[in-house]
Amino acid sequence: MSARTQEPSSPVRNRRTRSGLKRFGDWSANEKPAAVAIGFLVVLSVAAIAAPIVAPYDPLQQDLGAILNGPSWSHPFGTDELGRDMLSRVIYGGRISLATAAIAVAIAGSVGGLAGLAAGYIERTTGALIMRFMDFLLAVPGILLAITIAAVLGNGFWPATIAVTVISIPAFARLARASVLSTKQEEFVQSTRSAGAGHLYLMFRTIFPNALSPLIVQASVAAATAILLEAALSFLGLGTQPPSPSWGTAMALGKSYLKQSIWYALMPGIVLTATVLSIDTIGRALQRTWGGSALDSAAGRGA
Amino acid sequence: MRSADEALLRIDGLSIEFGALESPVKAVNNVTLEVRRGETLGIIGESGSGKSVTAMSILRLLPKDQARVTQGRIWFDGNDLLEAEPGQLRRVRGKDISIIFQDPATSLHPSFTIGAQLIEAIRVHDGRISKADARTRAAELITSVGIAHADERLDQYPHQFSGGMRQRCMIAMAIANQPSVVIADEPTTALDVTIQAEILSLLRVVQRETHSAVIFITHDLRVVAQVAERVAVMYAGSIVESGKVDEVFENPQHPYTSALLRSLPALDHRAERQVSIQGSPPNPSDLPPGCSFEPRCDVADGRSVCTTDRPPLQDIGGGRTVACHFSGETEAVAVNLSRHSMQPQAIAAAAQVDIEPVLRVENLDKRFAIGGGLFTGAKREVHAVNGVSFDVYKGKTLALVGESGSGKSTTARLILRLHDPSGGRILFGGLDLAKSNGRQLRDIRREIQVIFQDPFGSLNPRLTARELVTEPLKIQGIFDPNGPDHVGELLSRVGLSPSQWDRQPAAFSGGQRQRIAIARALILEPRMLVLDEAVSALDVSIQAQVLNLLADLQDELGLTYLFISHDLAVVRQLADSVAVMFAGRIVEQGVAADVYGSARHPYTKALLAAIPGTDTQRRAPGDDVEVTEARIDIAEHGCAYRLRCPIAQDVCATDSPSFARIEGTAHDVACHFGAVPVEVGAP
């Protein structure tokens with residue numbers, strides 16, 4: 001469509017001329033579900049960080065007079081088999097889920113991203129070695145690898161988080177490599193090279209920023225997976241140990257009491273699902289935003 | 001039934017919009033066209049003029065969810081195609097009206113054989129024909145488009161054909177059902193100039209035989225001059241002028257047509273300055289209320305009627321129409337299409353002989369290894385650059401000319417050391433670049449800068465114009481934020497106003513991006529610029545602006561240019577000397593006027609003769625063209641060109657010709673029979 005090739009100033013294009021806040025406002029007007037999702041995650045994160053202030057009860061405080069209650073005004077999420085307030089336990093549990101997701105994505109993203117950048121830029125032997133190692137990680141089923149790591153390092157928050165991180169690395173590495181390989185061929189990289197730029201400059205200043213957008217989308221996918229995986233490990237008894245509150249353990253224990261109170265397992269499940277869906281929605285919206293601009297420049301080039 | 005004069009296809013008041021309803025992009029505005037049996041109608045326009053959108057709408061090929069036809073009708077065979085039922089439309093598509101697309105590399109299905117695709121095209125509209133008969137018909141078809149060994153060729157896949165051959169297959173497919181209208185959308189734009197000449201004459205033969213009407217869409221004025229009888233000029237979605245090609249080109253009535261023709265680079269001489277059209281085409285989502293061309297027009301001269309009233313398309317007699325309030329004032333042009341006055345200027349060479357060259361390339365060699373991996377088959381070598389030598393002198397321009405695959409771009413990349421040479425020397429500033437590394441190479445890179453072809457890919461999309469121009473200074477560690485604003489000066493010098501400096505490349509048009517690329521290359525104050533097809537992706541009017549800018553900068557700063565191009569007309573305007581490359585070797589080099597005026601190598605002559613629209617190629621009434629057979633291109637032994645060469649003899653198959661100086665000139669040619677002058681234009 002040659003009509004689209006030379007229009008210099010459509011509103012999305014003049015990014016630099018407007019403030020970040022205004023741009024975010026425009027973006028969320030276009031991506032309403034994502035705006036709602038961001039809102040939910042902000043509320044959840046604030047609650048998790050400020051748990052001691054926000055939570056109505058101590059998550060470990062037992063009340064044997066009110067066990068396995070359904071939702072009520074005093075206990076909006078009900079209570080568990082020891083009469084502990086589920087809302088407080090879900091809020092505290094959010095700390096674990098969100099921390100696992102944040103740590104796993106941050107570490108796996110930087111390790112995998114750098115490995116992929118190196119593998120894509122250097123290609124030859126180094127690149128091949130890095131990628132074969134990633135293939136090896138990818139070949140071992142994730143949950144099995146996590147169980148192995150938990151078996152070696154013991155149960156608890158850190159072993160589970162390390163396991164989740166290790167599992168998330170290969171996806172970042174492969175994506176980063178593919179993105180770097182295609183960006184490397186662009187003429188602006190050659191142009192910067194002929195301006196005298198060295199390898200490090202080309203890798204980190206020229207190629208990486210332009211190869212980044214698929215990784216940011218991948219980060220949202222990885223965050224959702226990390227939360228699920230941590231919950232699964234806790235559910236299997238390999239993650240956070242009772243009495244510490246966690247969404248996974250809550251669901252694991254709650255399933256034994258499904259007949260007495262469906263709310264016990266259901267409420268943490270709903271929060272978990274909502275969190276994962278929110279992250280996923282944001283990821284899709286980001287993909288549309290960045291994928292769209294990539295399409296634009298491709299269409300321009302086709303002219 | 002129908003008389004010959006009656007229109008076969010008629011587009012009536014067509015308007016098409018894209019994008020959101022509240023801010024539509026008006027791609028086509030009130031276009032009326034008709035084409036008669038046996039006639040070729042050329043639609044010409046720059047990118048974004050709506051020419052392709054108009055053509056696609058005829059077969060309703062525009063994406064339904066994006067394009068809206070807001071008014072108009074397309075009459076074909078008594079029906080309005082815009083109202084046609086899906087079944088009816090399917091019968092028309094491919095049977096009555098067929099399309100040839102621009103890029104033969106992507107318009108054939110890669111995983112079916114050519115035969116299967118042709119047979120399908122035949123049988124889908126004629127259910128009764130047997131497979132065997134359809135195959136016989138397919139073989140006839142590809143023979144008729146000049147492909148030999150039809151039976152074998154039918155069983156091959158598109159990737160086994162060269163670009164020109166694929167386009168021949170596309171044409172065979174388009175005429176398989178003897179359509180009454182063939183739409184050709186830039187059918188030769190992706191092809192080399194000699195292949196383009198073959199395809200254009202093939203289209204003529206095919207049209208003569210099938211007596212179909214052809215709608216030929218192109219941005220290339222020379223091509224239109226060659227193939228079309230009538231032409232419609234489009235600008236910003238509207239037709240601004242139409243009429244018989246000869247009349248429109250000799251006596252244009254619309255200022256845009258006139259300016260477009262004048263901005264076409266001449267072949268017969270080097271102009272002092274290129275005529276360019278100021279500014280760039282309007283944004284189709286924000287057209288001016290009056291005449292769309294008014295902001296760039298030199299006839300309008302600020303008269304209010306041009307800014308307030310859109311001029312209607314008026315019939316001015318003789319089958320011509322024009323949309324201009326003051327068409328009588330349009331400047332007459334002597335069209336640059338002829339080249340009778342190409343005179344050799346052998347004397348000019350003498351001056352530069354004893355000056356030290358800025359760049360001297362000696363026996364440059366590059367072999368690429370293909371395959372040799374575990375799964376990629378046997379290792380082969382491609383000899384991309386084979387013993388290339390030339391000198392470039394200070395303040396002068398050397399052009400490397402050749403078709404795709406000739407090794408001209410690889411040569412440029414070797415000089416920039418984006419590839420490592422396999423052999424030879426690149427002498428620049430007392431150093432051999434072929435052997436330099438690390439620090440030395442980084443310093444020398446300041447001195448040689450490059451501008452690439454693709455203005456959409458050659459700028460980092462994340463940086464602003466100012467950052468892009470500043471970046472080389474930072475890389476070289478010589479950026480001084482408190483010093484005088486050289487970056488700003490340079491951006492102004494290449495024609496960008498300060499309000500644009502903080503925008504990213506996406507906010508600029510192709511010509512503006514190329515200006516940024518030029519500023520970026522010049523900020524390090526290099527001695528030499530390598531221009532790798534630097535203006536090839538730009539529209540004619542913009543191309544002229546950039547050529548002027550390059551010429552001015554060369555005069556002011558004493559720059560030396562190495563200009564890589566396939567476009568002989570552009571080379572004529574910029575180059576002092578020319579080196580013609582074929583299959584990795586230079587086959588002819590010398591002063592531009594000599595090479596153009598008295599070409600000695602048969603390949604150079606073929607290149608010059610293949611330029612469309614020149615006297616030798618002009619369409620004469622009743623002329624007789626034959627289908628030329630598609631050729632194998634490059635010979636492995638002896639002279640690489642001998643398989644295509646009209647004067648090849650036995651010696652060409654055994655001995656590779658060496659360079660010979662033509663007596664009394666600085667004009668070298670690598671041909672066994674090249675030292676003898678041959679009449680220009682001889683076969």
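This dialogue explains how to read several packing features of a predicted model.

Visitor: What conventions apply to this model?
Guide: The model is predicted: local features need pLDDT of at least 70, side-chain atom pairs count only at pLDDT 80 or more, and totals for chains, interfaces and linings use all residues. Residues are numbered from 1 along each chain as its sequence is written, while chains are lettered from A and ligands numbered from 1 in the order in which they are written.

Visitor: How many helices and strands does chain B have?
Guide: Helices (H or I, at least four residues) and strands (E, at least two) are DSSP runs, numbered from the N terminus. Chain B has 22 helices and 24 strands.

Visitor: Is B:Asp133 buried, exposed or partly exposed?
Guide: A residue is buried if 20 or more other C-beta atoms lie within 10 Å of its own, exposed if 12 or fewer, and partly exposed in between, with C-beta atoms placed from the backbone. B:Asp133, found in helix H5 (residues 131–144) of chain B, is partly exposed because 14 other C-beta atoms lie within 10 Å. Of the 683 residues of chain B, 50% count as buried.

Visitor: Which residues touch the most other members of the largest nonpolar core?
Guide: In soluble globular proteins, nonpolar side chains tend to be buried together. A nonpolar core is a set of buried Ala, Val, Leu, Ile, Met, Phe, Trp, Tyr and Cys residues joined through C-beta atoms within 7 Å. The largest one here has 256 residues, and those touching the most other members are B:Leu118, B:Ala172, B:Ile215, B:Ile415, B:Leu562, B:Phe563 and B:Val580. Helix H4 (residues 86–122) of chain A gives the most to this core, with 14 residues.

Visitor: At what angle do helix H4 and helix H7 of chain B pack?
Guide: Axes are lines fitted to C-alpha atoms, for helices over the stretch in contact, and angles run from 0 to 180 degrees between N-to-C directions. Helix H4 (residues 114–123) of chain B and helix H7 (residues 163–174) of chain B pack at about 20°, with their axes 9 Å apart. H4(B) is therefore roughly parallel to H7(B), a term for angles under 35 degrees, whereas those over 145 count as roughly antiparallel.

Visitor: Which residues make that contact?
Guide: Two residues are in contact if their C-beta atoms, placed from the backbone, lie within 7 Å. B:Ile114, B:Gln117, B:Leu118 and B:Ala121 of H4(B) meet B:Cys169, B:Ala172 and B:Met173 of H7(B).

Visitor: How are H7(A) and H10(A) oriented to each other?
Guide: The axes of helix H7 (residues 157–184) of chain A and helix H10 (residues 213–235) of chain A come within 10 Å and cross at roughly 160°. H7(A) and H10(A) are therefore roughly antiparallel to each other.

Notes: Angles under 35 degrees count as roughly parallel, over 145 as roughly antiparallel, 65 to 115 as roughly perpendicular and the rest as oblique.
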